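Q: Could we go through this structure together? I would like to begin with the ligand and what surrounds it.

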Amino acid sequence: MKPFAYTRAHTVWDAVAAVSAEPGARYLAGGTEMVNLVREGQESPDRLVDIGDLPLTEVRVHGRGVRIGALAKRVHEHPEVRRRLPVLAEAGLSAASPQVRNVATPGGNLLQRTRCHYFRDVRFPCNRREPGTGCAALRGVNRNNAIFGGSEHCVAVHPSDIAVALTALDAVVHTHGPAGERVIPVEELYRLPGDEPNRETVLDHGELIVAIDVPPTPFAARSHYLKLRDRASFAFALVSVAVALDVRAGVTHDVRIALGGVAPRPWRARAAEDALRGRRFDDDARAAAGEAATTGAKPLPHNEFKVELVRRAVVRALSEVEGR
Ligand SMILES: Cc1cc2nc3c(=O)[nH]c(=O)nc-3n(C[C@H](O)[C@H](O)[C@H](O)COP(=O)(O)OP(=O)(O)OC[C@H]3O[C@@H](n4cnc5c(N)ncnc54)[C@H](O)[C@@H]3O)c2cc1C
């Protein structure tokens, strides 16, 4: 492991200045991802700037929704999050293990890197880790990889559960960076790999996520996160579905659906939403939404099963939320 310097930042601006000033500097929040990346060799920073002391830990309900500090811990346990945003509480609770959840932060969760085996195992070529080396997943075991949004250079999926829930909830991140402050929809935070898979997000070097805002969607209280995986706990999603639903007199007035485990970023299933809106919320409509959610899927040799899993998971998540 390459030696690196360590700095503790005491203000947001100290942190931004410290990372922006040095191309090899990176933020360290809970460290549950970064420390592993450094230890295993996917990252080799010159400096880690610890942001753990910054006052970004609050979860607050206000007129414009719920604001979640980038360093808030165990957000899924917050009573207002559980009451107003069950899909987010369920996504948070489904992630990792109690030990990891005690330390991990929402900002770090959104910016964790892919769990593609070929990215994580530095013996294999990976365009995301080392541009121009190739994508071992395309010809290797690609069971866990993308069925949407991949390219001939990368077919990794984004592993964050809360990013999927936040995408369904139309949440935004607030950032402070060397060029000032920005507000970015979570859905637009991530870039598709194209021919530059190493550029994973739209953030500039040194840009710090300070908070996540979830707007006041009234029907967010009727929402659900369904995560399908090989093990019932402590495993990443093969397919996940975040749904929020507004049914009035048996007709779908509004709906949000996002998928996880299937694309290099959380995948908003707008065709599935369109298949439901304005229609009776019955078995046929749910099946049509499941079918529509697979629109544009391009499975790899080992993950054709994800297409059927998406179809069924969408139907199941919608049926589950109806009963709430
Ligand atoms: C064994 C294991 C199982 C896991 N299972 C799941 C799972 O099922 N689902 C899931 O969603 N996640 C899972 N995770 C991932 C876990 O949720 C993340 O490791 C954690 O959320 C990262 O948060 P952190 O605060 O520790 O981030 P760190 O490790 O400190 O940082 C992660 C990255 O984010 C950057 N960063 C951190 N905060 C900010 C910020 N505010 N602004 C800008 N950049 C920032 C860092 O520079 C780094 O690149 C698992 C992790 C482990 C170790």
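Predicted model: local features only at pLDDT ≥ 70, side-chain atom pairs only at ≥ 80, totals over all residues.

Q: Which of them gives the most to the shell?

A: Helix H6 does, with three residues.

Q: And how many residues surround the ligand in total?

A: There are 31 residues around the ligand. The closest are Tyr-27, Ala-29, Thr-32, Thr-105 and Asp-161.

Q: What classes of residue make up the shell?

A: The shell has 16 nonpolar residues, together with ten polar and five charged ones.

Q: Asp-161 was in that list of closest residues. What lies 2.7 Å from its polar side-chain atom?

A: A nitrogen atom of the ligand lies at that distance from the side chain of Asp-161.

Q: Where does the ligand sit relative to the domains?

A: The ligand lies between domain 1 (1-54) and domain 2 (218-322), because both give residues to the shell around it.

Q: How far apart are the centres of the two domains?

A: The C-alpha centres of domain 1 and domain 2 are 36 Å apart. The bounds of both domains come from the domain assignment of the protein chain.

Q: New topic: Arg-256. Where is that residue found?

A: Arg-256 belongs to strand E11, which covers residues 251-260.

Q: Is Arg-256 buried or exposed, and why?

A: Arg-256 is buried, because its relative accessible area is 13%, and buried means under 20%.

Q: Which side chains make polar contacts with the side chain of Arg-256?

A: One partner is Asp-170, whose side chain is joined to that of Arg-256 by a polar contact of 2.9 Å. Another is the side chain of Asp-254, at 3.0 Å.

Q: And which residues does Arg-256 touch, leaving aside those up to four places away in sequence?

A: With that exclusion, Arg-256 touches Asp-170 as well as Ala-168, Phe-219, Ala-242, Val-243 and Ala-244. Glu-273 is also on the list, along with two further arginines, Arg-268 and Arg-277.

Key: Residues numbered from 1 in each chain as written. Heavy atoms only, no water. Near = heavy atom within 4 Å. Polar contact = N/O pair within 3.5 Å; in protein donor to acceptor, adjacent residues only side chain to side chain. Helix = DSSP H or I, 4+ residues; strand = E, 2+ residues; numbered from the N terminus. Nonpolar A, V, L, I, M, F, W, Y, C, P; charged D, E, K, R; others polar. Domains from an automatic or database assignment. Buried < 20%, exposed > 50% of the residue type's maximum accessible area, 1.4 Å probe, protein only. Contact = heavy atoms within 4.5 Å.
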